[in-house]
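Let's read a structure together, one feature at a time. Have the viewer open as we go.

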Amino acid sequence: MKHFIPKAYAIALLLTAGVQLTSCKSGPKDSDLQTAVNDKLRADPDYANISASVKEGVVTLNGTATNPETKNEASEDVREVKGVKNVVDNITVATPVAPAPVEIATDDALKTGVADAVKDYPGVTATVNNGEVTLTGDIKRDRLPNLMQSLHALHPKKINQNLTVK
């Protein structure tokens, strides 16, 4: 019986130590994990519109990514942070904004604009047909860029430049 007490005491001691050691492996605090995740996100300018929250080691990502690749990379980068148990990805991908289509001027409006643009260029004649401007005549080389810029601002379909440049 004398041997029973030391054995029981040793078993109780081992169980107590085991419980204490397992409780130490609970991982980092959520606040520390939050700081580490935010630092990781701030390090990449592509993640500027992405935020994170942490609860019990689970990181939830919210915000907008410019493309699907950025969305996936953010989630993968956060998974690499030590102590993250799981990542919930609520990031949306922004819809790209298409450039506004160029409006082609109607012939009547275009004729008026073209006549106004070429009036200061003697020797230059312009005709308009189906949104296309055709230039004929003579022009000095240094004046051609200004004329072309004025005509392009009118948004014709095409400019046919048949001028003789001097």
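Q: What should I know before I start?
A: This is a predicted model, where local features need pLDDT of at least 70 and side-chain atom pairs count only at pLDDT 80 or more, while totals for chains, interfaces and linings use all residues. Residues are numbered from 1 along each chain as its sequence is written, and side-chain values use heavy atoms, with hydrogens and water left out.

Q: How do I read a sheet, and in which order do the strands of the open sheet come?
A: In general, strands of a sheet pair through backbone hydrogen bonds, either parallel or antiparallel. Strands (E, at least two residues) and helices (H or I, at least four) are DSSP runs numbered from the N terminus, and two strands pair if DSSP finds at least two bridges between them. Here 3 strands make an open sheet ordered β1-β2-β3, with mixed pairing. β1 (50-55) and β3 (86-93) are the edges: each has a single partner strand, so one side of each has no neighbour in the sheet. On average, neighbouring strands are turned by 15° against each other, direction ignored; axes are lines fitted to C-alpha atoms (for helices over the stretch in contact), and angles run from 0 to 180 degrees between N-to-C directions.

Q: How many bridges join β1 and β2?
A: There are 6, and β1 pairs with β2 (residues 58-65) in the antiparallel sense.

Q: Which strands does helix α2 lie across?
A: Helix α2 (residues 30-42) lies across β1 and β2, at about 160° to β1. Helix α3 (residues 68-79) also packs on the sheet, touching β1, β2 and β3 (contact means heavy atoms within 4.5 Å). The direction of α3 makes about 160° with that of β3.

Q: Which residues of α2 are buried?
A: In α2, the buried ones are Leu33, Val37 and Leu41. Seen down the axis of α2, they fall within an arc of 70°, so they line one face of the helix; the arc is that of the directions from the helix axis to the C-beta atoms. Their cover includes β1, β2 and α3.

Q: How many salt bridges are there?
A: Side chains of opposite charge can pair when their charged atoms come close. The rule here asks for a side-chain nitrogen of Lys or Arg within 4 Å of a carboxyl oxygen of Asp or Glu, and the count comes to 5. One of them joins arginine 42 and aspartate 39 at 3.2 Å, N to O; both sit in helix α2, 3 residues apart, about one turn of the helix. Arginine 42 is exposed at 62%, and aspartate 39 is partly exposed at 43%.

Q: Where do glutamate 80 and lysine 40 lie?
A: Their side chains meet in a salt bridge at 3.7 Å, N to O. Glutamate 80 is in the loop between α3 and β3 and lysine 40 is in helix α2, so the pair ties together parts 40 residues apart in sequence. Glutamate 80 is exposed at 58%, whereas lysine 40 is partly exposed at 33%.

Q: What does a hairpin look like here, between β4 and β5?
A: β4 (residues 124-129) and β5 run antiparallel, joined by 6 bridges. The hairpin has 2 residues between the strands, and asparagine 130 in the turn has a positive phi of about 55°.

Notes:
Buried means under 20% relative accessible area, exposed over 50%, partly exposed in between (1.4 Å probe, protein chains only).
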